[in-house]
Amino acid sequence: MSLLQVDDLHVSVGGEAILKGLSLRMEAGEVHAIMGPNGSGKSTLANVLAGRPGYEVTGGAIAFKGHPLGQEEPEARAQAGLFLAFQYPVEIPGVSNMEFLKAAQDSHFKANGQAAESPVAFMRRVRTLADSLSLNPEFLKRGVNEGFSGGEKKRNEILQMLLLAPTLAVLDETDSGLDIDAVQTVAAGVNRFRSADNGVLLITHYQRLLNHIVPDFVHVLAEGRIVESGDRKLAETLEERGYAWLAKSG
Amino acid sequence: MAGEIGLEALQAPAWLGDAGLARCRRALTGKLARETWKYSPLGKVTQALLDAPMARGSPLVDAPEQVRVRRFTALPSPPECRINLHRYPLAGIVAALAGDGWLAEVAETPDRPLRLPAATPGVAAPLLLRVGAGCRVEIEETDAGASTIADVSGPQRLGEVVDRATRGRRSNKAPVNSPQVLAARAPEAESEGTSATHDNQGTLATRVVLLFLAQTAEVRWSRADLAPAREGWSLLAAELDEDASLTFNHQSLAAAFQRLDVSVALHGAGARFGSTGAALASAGAQLDLQYVIEHIGHRTVSRVKQHNLASGKARCTFNGRIHIHPHASGADADLSNRNLALSANADINTKPELEIYNDDVRCAHGATVGRLDDDALFYLQSRGLPTAAAQRLLSIGFLRDGLSGPFAEQAANSFLQQLSAATSG
Ligand SMILES: Nc1ncnc2c1ncn2[C@@H]1O[C@H](COP(=O)(O)OP(=O)(O)OP(=O)(O)O)[C@@H](O)[C@H]1O
Ligand SMILES: [Mg+2]
């Protein structure tokens, strides 16, 4: 049973076809990188996996851990172990980051029949995680992503991933907007997260990230489909030659 | 109209004068009243006032020794008490019904906050609070307990009040102008079996506060209206001298008729008013907030931020009027009102009004009406929060953004309880 299996997926947004026959298969323990030009549909894939409203599946199928994903609500997918690190994390004024993280974890625990962790133990754990990502504990008291810099928002996404320990983490351009040190910090977090039981789908524009998080597979998404797949060398080729040669050969 | 008999029979206290009372009567049916009471039933409220029992006793509880509290009738002469009766005729009616007022004078910074229990049902004598030059005063206006009610039950409280008012009037043949009759009104109601003392729920709570801040005086007023079923009308009218500063924090949980008039006149140069408010209107609430801020002196500053959330069939009105007078050069006014509707049946009205007669001013005025943000909702759901929990968290976040002062946490808890009751019911 694959961790994720996407077959001939067609997705429309606002009546416009964005994904046009995308297929992808991931096994537990693997890291897949997806690269591709702006507007090719990378975030659309991420959003449709997470169950974002407004993304209409017009054809094909998605199976997560062997279960077909159809009309499931986003929360049900999250509770089942799917996590999306947003390309543009949302600011929520008036809700502290700590409160948000606790609510997220509690909902996971509740869905899985586990008792909620004591607030003290929880806070200690979150502080340790924040520390490992060089995220100042002060950020835990602030409104969710409120006034966070671009890089801080991305680190906050990784913090959530580490806290919720999903089986499939989809990271949508988590490296964008990170300084050189932060890329390493975030990469270290992802590498720590990697295990034989989970998988990571990395959406990125930069081969640089793949020096730190070594992918098992690299795919190129163009015009709504995977047009090329390979190992990490493919990323280097793309860095040198861009995407144009693929469009011509495809 | 039955109510007019009562109105005509009213007598003016000395500080209001017959002319003042006549003015109130005229204003009740005037154009301004129609505009400022567009979303609230002025006629019903007036009638409810006329039939309400008297609330007695000093409005200040356990006042610090630096505060001197006296009845108007105990003063050698009536205090000077300016009030815009054209705009606030109900204040005159309340004064006439009460036949008295309370003067509280602060000549020295008190050693602890002034406690003002939330208005109780009935007509209470106006409170005139004078804060002397340089004094700093904290005022806490709240009631101890607050309950929540589910969104499904939407009692038409004001209707009940009016029913009772009409019943009362039929049996109440005596004129309501003499102090003896006023004093006798409560027992009379009791004999009817619909006593306000036994069933205060349906009676209008009223409060009229006239606040004067002398030079550089500083007042921080925090108010928590967290009893959702209580109907109320209140007026806070403040006048500020040079460099005086008034901060007003207001939190309101409403499921019935609740109207608050705030009037601030920044007379002195450098006078400053800041207000932060959050209100949750649910069930059949009719929440009506009316702010009028007058910039009269140079370099006067006002900052108003109000967050209102309406659920169920609630009606939520905010009217923020900024008036910059010709001599108010350097005035700086900023007013923002954000509204969220949780249900399609909620009715939100927000009306910014600006009147500016000076070019050298900075004035920002913003009003928004919206729903919960879809992106934020998806973000929370994608972290595993069920839809209802995500909505609740966003709602409380929005409200908290409008909370500050000593009651912020208490209010947030009441809001959360109410939101939970509304979404789980
Ligand atoms: N809500 C929407 N309504 C209409 N069009 C949309 C919507 N969301 C995405 N699109 C369109 O779908 C296409 C794919 O967008 P998507 O965000 O998936 O691209 P991407 O590959 O992630 O690009 P980038 O590298 O810039 O992040 C774009 O042309 C975009 O304009
Ligand atoms: Mg994208």
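A salt bridge here is a side-chain nitrogen of Lys or Arg within 4 Å of a carboxyl oxygen of Asp or Glu. Keep that in mind for the charged pairs. Chain B has a network of them, linking Glu141(B), Arg207(B), Arg223(B), Asp225(B) and Arg230(B). Over all chains, the search of the whole structure finds 31 salt bridges.

Ground rules, quickly. This is a predicted model, where local features need pLDDT of at least 70 and side-chain atom pairs count only at pLDDT 80 or more, while totals for chains, interfaces and linings use all residues. Residues are numbered from 1 along each chain as its sequence is written, chains are lettered from A in the order in which they are written, and side-chain values use heavy atoms, without hydrogens and water.

Chain A and its sheet. Helices (H or I, at least four residues) and strands (E, at least two) are DSSP runs, numbered from the N terminus. Strands pair if DSSP finds at least two bridges between them. In chain A, 6 strands make an open, mixed sheet, in the order S6-S9-S10-S3-S11-S12. Strand S6 (82-85) and strand S12 (225-230) of chain A are the edges, each pairing on one side only. Neighbouring strands are turned by 20° against each other on average, direction ignored. Angles come from axes, lines fitted to C-alpha atoms (for helices over the stretch in contact), and run from 0 to 180 degrees between N-to-C directions.

Look inside the sheet. S9 (168-172) and S10 (199-203) of chain A run parallel, joined by 5 bridges. Leu171(A) in this pairing stands opposite Leu202(A).

Now the helices on the sheet. Contact means heavy atoms within 4.5 Å. Helix H6 (150-164) of chain A touches S6 and S9, at about 170° to S6(A). Helix H9 (232-241) of chain A lies across S3, S11 and S12, at about 45° to S11(A).

Next, the interface. Chain A puts in 31 residues and chain B 19. Buried area is the accessible area (1.4 Å probe) that two parts lose on being put together, summed over both. Here that is about 1,900 Å², with carbon and sulfur atoms giving 63%. There are 3 salt bridges between chain A and chain B. One of them joins Arg383(B) to Glu157(A), at 2.7 Å from N to O. Which element of chain A gives the most to the side that touches chain B? It is H3(A), with 6 residues.

Stay with helix H3 of chain A. Asp106(A) and Lys102(A) form a salt bridge, their closest N and O atoms 2.9 Å apart. Both sit in H3, 4 residues apart, about one turn of the helix. An α-helix has 3.6 residues a turn, so residues three or four places apart point the same way. Buried means under 20% relative accessible area, exposed over 50%, partly exposed in between (1.4 Å probe, protein chains only). Lys102(A) is buried at 16%, whereas Asp106(A) is partly exposed at 24%.

Over to chain B. Glu105(B) and Arg70(B) meet in a salt bridge at 2.6 Å, N to O. Glu105(B) is in strand S3 and Arg70(B) in strand S2 of chain B, so the pair ties together parts 35 residues apart in sequence. Asp100(B) bridges to Arg71(B), with the closest N and O atoms 3.5 Å apart. Asp100(B) is buried at 8%, while Arg71(B) is partly exposed at 36%.

Last stop, helix H4 (42-51) of chain B. Why is H4(B) largely enclosed by the rest of the structure? Because 7 of its 10 residues are buried. Among them are Leu42(B), Val45(B) and Gln47(B).
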